[in-house]
Amino acid sequence: MFLQIHKAMIKAYEALSHIIFPSSCVGCQRELTISEQFLCLHCEDDLPLARFDSLRENAVVDLFFGRIPIEYGDVFCLFNKKGTVQRLLHYLKYMRQPEIGRYLGLFMGLQILTRPWEEPPDYLIPVPLHPRKKIIRGYNQADELAFGIQRVCESPVLYNMIRRQKNTSSQTKLNRWERYLNANESYEIENFENLPFRAHVAIIDDVITTGATIEGVGQAILAVRPDIRISVMAAALARNA
Ligand SMILES: [Zn+2]
């Protein structure tokens, strides 16, 4: 098992080796050594890891209870306001640092391999970004996370099989029900008929807050393929969700 993980990590780092990394720690701004990437060893050790005891009964799974059935639910970290996780995700989304998604994806993939998922998911499905946002940003941060996960656990990423149909207005001013409706109406599914019966897919996102986005994606999948088993893996869970 450890040999497999070691090999997977080497492959993953090889894939990243051509990228020019920022020279100071995203967490504490200290200058990074040549062996550090994005975070210094201190900030990396200090990440608020979620460490759920169970992947079938925890805060992520609870959040989706009665909304969509979840096989496994897990996150890498708990979201700490004004902390390192928030800064990493801010750099990932707004500072044109897609490599941070791949970096976080390696940890998420390692977590999927080492925690009791029983088997890695058959496919990874990044939560889609609205096409206009993707043009502005240049990439979908969930695609980058999924790419990093794939480097470690080798489950293929299904890119572009789910599309947002319309631009969801900023969700921050909506209540949970409005967010639900907003998310639920805006996903279009393609090519799911080719997936094997009872395929196990992991929906990948950066942060879970209300869970409305993942619920929308999950419901859109189940509407065309009710046999598909859905798991959830995100970089962070906002605790006040
Ligand atoms: Zn640091």
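How many of the 17 residues of α5 are buried? The model is predicted: local features need pLDDT of at least 70 and side-chain atom pairs count only at pLDDT 80 or more, whereas totals for chains, interfaces and linings use all residues. Residues are numbered from 1 along each chain as its sequence is written.

**View 1. The protein has nine helices and six strands.**
Helices (H or I, at least four residues) and strands (E, at least two) are DSSP runs, numbered from the N terminus. Of the 241 residues, 40% count as buried. A residue is buried if 20 or more other C-beta atoms lie within 10 Å of its own, exposed if 12 or fewer, and partly exposed in between, with C-beta atoms placed from the backbone. Two residues are in contact if their C-beta atoms, placed from the backbone, lie within 7 Å. Among contacts between residues at least 6 apart in sequence, 75% join residues at least 24 apart.

**View 2. Helix α5 is largely enclosed by the rest of the structure, because 12 of its 17 residues are buried.**
The buried residues of α5 are P98, I100, G101, R102, Y103, L104, G105, L106, M108, G109, Q111 and I112. From its first C-alpha to its last, α5 reaches 25 Å, close to the 24 Å expected at 1.5 Å a residue. The expected span is 1.5 Å times one less than the number of residues.

**View 3. Helices α4 (residues 84-94) and α5 (residues 98-114) pack at an angle of about 130°.**
Their axes are 7 Å apart. Axes are lines fitted to C-alpha atoms, for helices over the stretch in contact, and angles run from 0 to 180 degrees between N-to-C directions. The two helices, α4 and α5, are therefore oblique to each other. Angles under 35 degrees count as roughly parallel, over 145 as roughly antiparallel, 65 to 115 as roughly perpendicular and the rest as oblique. On the α4 side the meeting residues are L88, Y91 and L92, and on the α5 side I100, G101 and L104. By class, this contact of α4 with α5 has five nonpolar, one polar and no charged residues. Ala, Val, Leu, Ile, Met, Phe, Trp, Tyr, Cys and Pro count as nonpolar, Asp, Glu, Lys and Arg as charged, and the others, Gly among them, as polar.

**View 4. Four strands form an open, parallel sheet in the order β1-β6-β5-β2.**
The edge strands, β1 (73-79) and β2 (123-126), each pair on one side only. The twist from one strand to the next averages 20°. Helix α5 packs on this sheet and touches β1 and β6, and its direction makes about 135° with that of β1. Two strands pair if DSSP finds at least two bridges between them. β1 and β6 run parallel and are joined by six bridges. Within β6, M233 is the bridge partner of D74, and L237 is that of L78. Strand β5 (residues 200-208) pairs with β6 in the parallel sense over eight bridges; V207 stands opposite A236 in β6. Strand β6 is mostly covered, with eight of its 10 residues buried.

**View 5. I125 lies in strand β2.**
With 26 other C-beta atoms within 10 Å, I125 is buried. Not counting residues up to four places away in sequence, I125 touches L158, M161, I162, V201, A202, I203 and I204. I125 and I204 are 79 residues apart along the chain, and their C-alpha atoms are separated by 5.8 Å.

**View 6. R239 lies in the segment after β6 (229-238).**
R239 is partly exposed, having 13 other C-beta atoms within 10 Å. Leaving aside neighbours within four places in sequence, R239 is in contact with L78 and F79. C-alpha to C-alpha, R239 and F79 are 6.6 Å apart in space, and they are 160 residues apart in sequence.

**View 7. F38 has a positive phi of about 65° although it is not a glycine.**
F38 lies in the loop between α1 (2-16) and α2 (41-45). F38 counts as buried, with 23 C-beta neighbours inside 10 Å.

**View 8. K82, a residue other than glycine, has a positive phi near 60°.**
K82 is found in the loop between β1 and α4. With 7 C-beta neighbours inside 10 Å, K82 counts as exposed.
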